[in-house]
Amino acid sequence: MSAPLTAELFSVAFKRLIFKKYVPSAFPCVNGIQLNHEATFSSFVGSKDNNASFKWLNTDLQTPFLAAQLYMYNSSREYGHKRPQKPPKVTFFQYSGDLRKIPEIDPTKLVYTYQGLEKEISQNETIQKLSSLEYATGDEKANHKRELVIDRIVQLFGPNSEIEQEIALLTLGIRQMIPYCISQRQDKGNKIYLLKRIFRRRRLLTRLRELDHERFEWLLRELKIRYVLPRDREEYKGWKYNLRMSTQNEAVAKQREKLEKLKEKFEAEKNKFFEKKAQVLSEIQNDLEKFGLSRDFLDQLQVVEKQEPVKEVKIKVEKEEPVKASKKKR
């Protein structure tokens, strides 16, 4: 088949399909398309060298046919549907205070239930493999880890350490669940269960801190946990209390305003008094110079007045006897 005929059939086949479905929605985007002609058609038909029909195609971007072609191959067409976005990648669990991950256990070790029977089990290789952690079930491995944790806590804190043992077991479960919750971000149920465990461990740590602070710090160092001090809960006292406090604050503010005004008034009167005092002293000094007196003379007069106080003259007032009215006898 010749090249012009191939191009014509190609155009006719696409015209029927495109004008039927996509042309009504393609006209608004004709002027907005800014693409390279050859690069665009090479993605549809092939390269210019390998396909002879490439040079016979119409490459005018202003034609509705080509606009419809380009609009049809737009993979981002979505009518009223939002593409679901993946949540951001999480690399750590920010709600826990764990500073350490669970170390890997040697699979050749015996399960905790068979400890103490090393001599009998080591005689047979098959029994030794079957009793090792490599062939143990999930429950047996979990029980093995729990028992090792309890033994370590009892060794450090003694047999009467129920709170420490519970905190250590909760820490073990939290560190086992954190990698799963990070990888499976859509599993909300396990995330809530993990948060409940974290909050329970925090309450137990707060209780242990109140009972014995030394054991509390020792346990934090042993388990590698970061503890944040809880804030004191503020008690809500009601709208009446808030209204009373607001009125008291307003009254105190008004009192302070009045005190500031009184201070300003006092400073003004104080300055006025000192000015009056300076004026009176200057007049006294002028009078002393006028009459040829010295300052010591005034000081001596003041000393004499202090030594000889003025005697008070007491005036005796004789009490008059009340005149008794004579009663007239009838």
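Entry 1: I started at Leu293, which counts as partly exposed because its relative accessibility is 41% (buried is under 20% relative accessible area, exposed over 50%, partly exposed in between, with a 1.4 Å probe and protein chains only). Leu293 sits in the loop between helix 11 (239-291) and helix 12 (295-307); helices here are DSSP runs of H or I with at least four residues, strands are E runs of at least two, and both are numbered from the N terminus. Together with Phe291, Phe297 and Leu301, Leu293 makes a nonpolar surface patch with about 400 Å² of accessible area. For patches I took residues with over 30% relative accessible area and no salt bridge, joining nonpolar side chains (Val, Leu, Ile, Met, Phe, Trp, Tyr) within 5 Å and like charges within 9 Å; areas are Shrake-Rupley with a 1.4 Å probe, and for residues only the protein chains shown count as cover.

**Entry 2: ground rules.** This is a predicted model, so I note that local features need pLDDT of at least 70 and side-chain atom pairs count only at pLDDT 80 or more, while totals for chains, interfaces and linings use all residues. Residues are numbered from 1 along each chain as its sequence is written, and side-chain values use heavy atoms, with hydrogens and water left out.

**Entry 3: the whole chain.** I counted 12 helices and 0 strands. Of the 330 residues, 22% are buried.

**Entry 4: helix 9.** I looked up which helices the buried residues of helix 9 pack against, and found helix 8 (162-183) and helix 10 (213-223); contact means heavy atoms within 4.5 Å. Thr206 is in helix 9 and counts as buried at 18% relative accessibility. Its side chain reaches the backbone oxygen of Arg202 at 2.9 Å. Beyond neighbours within four places in sequence, Thr206 touches Tyr227 and Pro230.

**Entry 5: salt bridges.** My search of the whole structure gave 5, with a side-chain nitrogen of Lys or Arg within 4 Å of a carboxyl oxygen of Asp or Glu as the test. Asp98 pairs with Arg201, closest N and O atoms 3.1 Å apart. Asp98 is in the loop between helix 4 (64-72) and helix 5 (118-121) and Arg201 in helix 9, so the pair ties together parts 103 residues apart in sequence. Arg201 is buried at 3% relative accessible area, and Asp98 is buried at 16%. Arg175 joins Asp98 and Arg201 in a network of salt bridges.

I also found Arg215 and Glu164 meeting at 2.9 Å, N to O. Arg215 lies in helix 10 and Glu164 in helix 8, so this pair links parts 51 residues apart in sequence.

Technical notes:
A polar contact is a pair of N or O atoms within 3.5 Å; within protein, one must be able to donate a hydrogen and the other to accept it, and residues adjacent in sequence count only if both atoms are side-chain atoms.
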